[in-house]
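Trainee: Can we go through this one together before the group meeting? I'd like the overall layout, then the surface, then the charged pairs.

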Amino acid sequence: MTAWEAILLGLVQGLTEFLPISSSAHLRIVGELIGSSDPGAAFTAITQIGTEAAVIIYYRKKIGIILVAWFRALAGANGKGWRARVGLGPRPGSVDVRHGRPGVIADPDAAMGWYIIFGSVPIVVLGLLFQDYIETTLRNLWITVFTLAFFAILLLLADIYGRRERELTTLTGRSAIGFGFAQALALVPGVSRSGGTITAGLAMGFTRKAAADYSFLLAIPAVLGSGFYQLVKTLGEPLPAGSPGWGAILLATVVAFGVGYAVIIGFLKIIGNYSYKPFVYYRLVLAGVVVYLLMSGTIDATGGVA
């Protein structure tokens with residue numbers, strides 16, 4: 001992989017990671033078109049460290065508040081019971097509530113820390129169980145075509161019919177698990193991590209902004225975990241023949257960070273004023289383009305430009 005190809009793939013990663021259009025699908029497709037073949041699941045995971053670094057910087061104040069509140073609650077600052085330690089506050093109808101006792105204090109920021117942990121469990125479990133399929137079979141471009149189109153329709157329906165009333169203050173453990181399973185679907189290229197979680201959030205009645213904010217925060221443990229896992233795994237063995245070198249991976253990661261930060265700012269402004277329909281239409285058009293490229297023999301479904 002040349003430096004220019006690495007810059008291009010880093011640009012693609014940064015532009016698409018936070019939009020509901022699937023960054024892994026774009027890296028898979030663009031890699032084929034530029035003649036570098038499939039850059040691989042490891043390249044995708046490691047370059048995502050760059051885009052997640054952009055999330056951490058953008059949400060640094062919120063992340064700091066959540067971490068401090070989580071550790072304080074865990075240490076018993078809000079009360080000694082388990083509900084206080086997870087930030088839930090007194091149970092409705094309990095003695096503390098009836099008599100106005102401050103024995104258990106609710107802390108939404110501490111609870112958010114636990115909700116991010118709960119929501120991260122599905123992708124960790126499923127990612128480990130199906131790792132071999134994720135890195136091979138599920139990267140077939142015909143599967144990518146299906147997921148691009150099918151989840152575009154789901155996003156459209158959720159955006160049209162979702163109530164868009166709930167804020168993140170109404171998040172529950174059950175909602176967090178729902179978000180988590182939606183995120184886990186993004187292990188398949190074409191689904192989109194942000195697209196899956198935002199679709200789930202809209203379907204559960206969350207506002208566009210709330211669904212996007214939680215989607216970005218939820219991605220931090222999973223993406224960083226996957227990226228550093230692949231990094232350590234790759235460091236321990238020779239790079240496979242034809243795979244991107246370390247220089248290309250590093251360059252793509254740095255580019256993805258810079259572009260990704262700008263995209264976060266723009267995306268959050270867009271969803272405050274517009275619907276997700278443009279992204280739905282883009283996904284459907286992209287699926288059609290990939291079908292044409294596959295049918296014409298321009299690219300191969302399992303790797304390589306024809």
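Mentor: We will take the topics in that order.

Mentor: This is a predicted model, where local features need pLDDT of at least 70, side-chain atom pairs count only at pLDDT 80 or more, and totals for chains, interfaces and linings use all residues. Residues are numbered from 1 along each chain as its sequence is written, and side-chain values use heavy atoms, with hydrogens and water left out.

Trainee: How many helices and strands does the protein have?

Mentor: There are 14 helices and zero strands; helices (H or I, at least four residues) and strands (E, at least two) are DSSP runs, numbered from the N terminus.

Trainee: What share of the residues is buried?

Mentor: Of the 306 residues, 51% are buried. Buried means under 20% relative accessible area, exposed over 50%, and partly exposed in between, with a 1.4 Å probe and protein chains only.

Trainee: On to the surface. Which residues form the nonpolar patch?

Mentor: Phe146, Phe150, Ile153, Leu154, Leu157, Ile160, Tyr161, Tyr281 and Leu284, with about 880 Å² of accessible area together. Two elements, α9 and α14 (277–295), each give two or more residues to the patch. Patches take residues with over 30% relative accessible area and no salt bridge, joining like charges within 9 Å and nonpolar side chains (Val, Leu, Ile, Met, Phe, Trp, Tyr) within 5 Å. Accessible areas come from the Shrake-Rupley method with a 1.4 Å probe, and for residues only the protein chains shown count as cover.

Trainee: Which element gives the most?

Mentor: Helix α9, with seven residues. Among them, Ile153 is partly exposed at 37% relative accessibility, while Tyr161 is exposed at 66%.

Trainee: Now the charges. How many salt bridges does the whole structure have?

Mentor: Five. A salt bridge is a side-chain nitrogen of Lys or Arg within 4 Å of a carboxyl oxygen of Asp or Glu. One of them joins Asp159 and Arg208, with the closest N and O atoms 2.9 Å apart. Asp159 is in helix α9 and Arg208 in helix α12 (residues 208–235), so this pair ties together parts 49 residues apart in sequence.

Trainee: Are Asp159 and Arg208 buried or exposed?

Mentor: Both Asp159 and Arg208 are buried.

Trainee: And how far apart in helix α12 are Lys209 and Asp213?

Mentor: They are four residues apart, so about one helical turn separates them. Their side chains meet in a salt bridge at 2.6 Å, N to O. Lys209 is partly exposed at 39%, whereas Asp213 is buried at 11%.
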